Amino acid sequence: MSGLEAALARAPRVPLGHLPTPIEPLDGMARALGDGVRIFVKRDDCTGLALGGNKVRKLEYLVGEALAAGADTLITTGGVQSNHARQTAAAAAKLGMRCELVLPRMVAGRDPAYEASGNRLLDDWLGARVTLVDQPADVARVVAEILARSKSRGGKPVFIPAGGSTPTGCLGYAQAAVELAGQLERARLEIGSIVLAVSTGGTLAGLLVGMEALGLGIPVIGIGVFAATAQVAPVVRDLATRTSLRLGVPHVPDTRFDLRDRWLGAGYGLPTDDLREALALAGRSEGLLLDPVYTGKAMAALISLRQQGNLPGQNVLFWHTGGSPGLFAYPELARARSSS
Ligand SMILES: *Cc1c(COP(=O)(O)O)cnc(C)c1O
């Protein structure tokens with residue numbers, strides 16, 4: 001067992017996901033794009049809990065720690081269509097805990113389905129109590145009120161930050177690096193680069209920490225879908241530093257952080273034309289669903305980097321972080337396609 005695995009084994013963890021997730025070839029998509037590069041996908045959209053996604057890996061450690069501290073209530077925040085909020089609600093339900101979601105309206109000008117369908121609908125089926133607020137600036141006050149109310153009733157609430165991106169949450173992706181290393185070795189698969197969507201940064205930070213500790217030097221290209229790189233990069237570095245310290249493993253060198261914001265478009269949750277094309281291509285050439293906020297932009301980036309010959313190696317791994325429930329909140333995207 002590596003030092004990384006021993007350190008991970010010491011952290012409290014509650015099993016929530018269907019792990020390991022498969023790695024599959026996307027040969028239909030590669031054929032449709034018509035050049036020599038093969039595409040593989042790491043199916044973290046298939047982590048199992050209430051339609052899955054990347055937050056399940058983080059929640060195994062976050063909720064493990066909360067339970068070890070005696071918590072009975074999980075409080076978290078994210079956009080109205082937050083996948084993290086939906087997966088947190090599911091984790092709470094599975095473990096017999098209460099769940100409170102505080103969801104700020106962050107994405108203007110959407111279809112009415114945005115507040116009625118997709119993840120927002122599933123939060124209700126998963127038994128969470130949902131409070132919508134008008135601005136991100138309102139979240140802290142409402143969370144403080146909910147924490148106080150819960151404590152005054154004798155509850156033991158814990159607050160999980162947006163995206164579950166804390167050093168504890170990052171352990172889930174350090175663990176995913178161990179999983180990946182084993183899968184690549186068993187399949188004798190050589191991957192030249194990894195592409196994934198980056199929002200609150202914990203997925204990328206945890207993965208880089210785990211890969212560094214294992215000596216797995218595959219370039220990882222993070223595609224920003226939340227904000228410009230200048231804003232996101234310091235957050236990812238800080239999370240990686242704190243996660244390495246917590247695990248007692250070597251720091252991730254500066255040169256490993258590769259963030260690109262060229263596919264962000266007008267901002268978080270706002271679709272772009274190349275996102276729509278990536279969604280359509282994955283759907284019709286592979287039967288693979290992406291999502292309208294994260295993986296659609298990351299796949300658009302993979303396609304254009306590959307077309308420019310800017311992906312190292314013959315095989316690229318797309319890390320599918322989930323989010324397909326969000327498709328139901330963006331019906332206008334499918335309508336725009338069928339009429340074009
Ligand atoms: C949260 C999320 C991401 C981004 O993960 P971070 O750890 O927040 O950077 C990517 N894809 C999907 C579908 C997500 O829900």
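A polar contact here is a pair of N or O atoms within 3.5 Å; within protein, one must be able to donate a hydrogen and the other to accept it, and residues adjacent in sequence count only if both atoms are side-chain atoms. With that in hand, welcome to the ligand: one of its oxygen atoms is 3.1 Å from an N or O atom in the side chain of Asn54. This is a predicted model, in which local features need pLDDT of at least 70 and side-chain atom pairs count only at pLDDT 80 or more, while totals for chains, interfaces and linings use all residues. Residues are numbered from 1 along each chain as its sequence is written, and side-chain values use heavy atoms, with hydrogens and water left out.

**The ligand**

- An oxygen atom of the ligand is 2.7 Å from an N or O atom in the side chain of Thr203, and a nitrogen atom of the ligand is 2.6 Å from an N or O atom in the side chain of Thr321.
- The protein buries 98% of the 380 Å² that the ligand exposes when taken alone (accessible areas by the Shrake-Rupley method with a 1.4 Å probe).
- Around the ligand are 16 residues, and the closest are Lys55, Lys58, Thr200, Thr203 and Thr321 (a heavy atom within 4 Å counts).

**The largest pocket**

- This pocket has a volume of about 660 Å³ (on a 1 Å grid over the protein atoms alone, a pocket is an open set of points with protein on both sides within 12 Å along at least five of seven lines, whereas a cavity is a set where a 1.4 Å probe fits but cannot get out).
- A volume is the space filled by probe spheres set on the grid points, which are joined across faces, edges and corners.
- Its lining has 37 residues, with Ala162, Gly163, Ser199, Thr200 and Phe226 nearest the centre (lining residues have an atom within 4 Å of a point).
- The largest pocket lies between domain 1 (3-53 + 166-339) and domain 2 (55-164), because both give residues to its lining (the bounds come from an automatic or database domain assignment).
- At least two lining residues come from each of α3 (55-68), α4 (83-94), β7 (193-198), α8 (202-214) and α9 (229-247) (DSSP runs numbered from the N terminus: helices are H or I with at least four residues, strands are E with at least two).

**The second largest pocket**

- The second largest pocket holds about 210 Å³ of space.
- Of its 13 lining residues, Leu279, Ala280, Leu327, Leu333 and Ala334 lie nearest the centre.
- Two or more residues of this lining come from each of α10 (273-286) and α12 (331-338).

**The cavity**

- There is one cavity of 30 Å³ or more, and the largest cavity contains about 50 Å³ of space.
- Residues lining the largest cavity include Gln81, Tyr114, Asp291 and Gly326.
- Domain 1 (3-53 + 166-339) and domain 2 (55-164) each give at least three residues to the lining of the largest cavity.

**Backbone details**

- Most residues other than glycine have a negative phi, and most peptide bonds are trans.
- Leu19 and Pro20 are joined by a cis peptide bond, with omega about 0°, and Pro20 sits in the loop between α1 (3-10) and β1 (23-25).
- Leu51 is not a glycine, yet has a positive phi of about 75°; Leu51 is in the loop between β2 (38-43) and α3.
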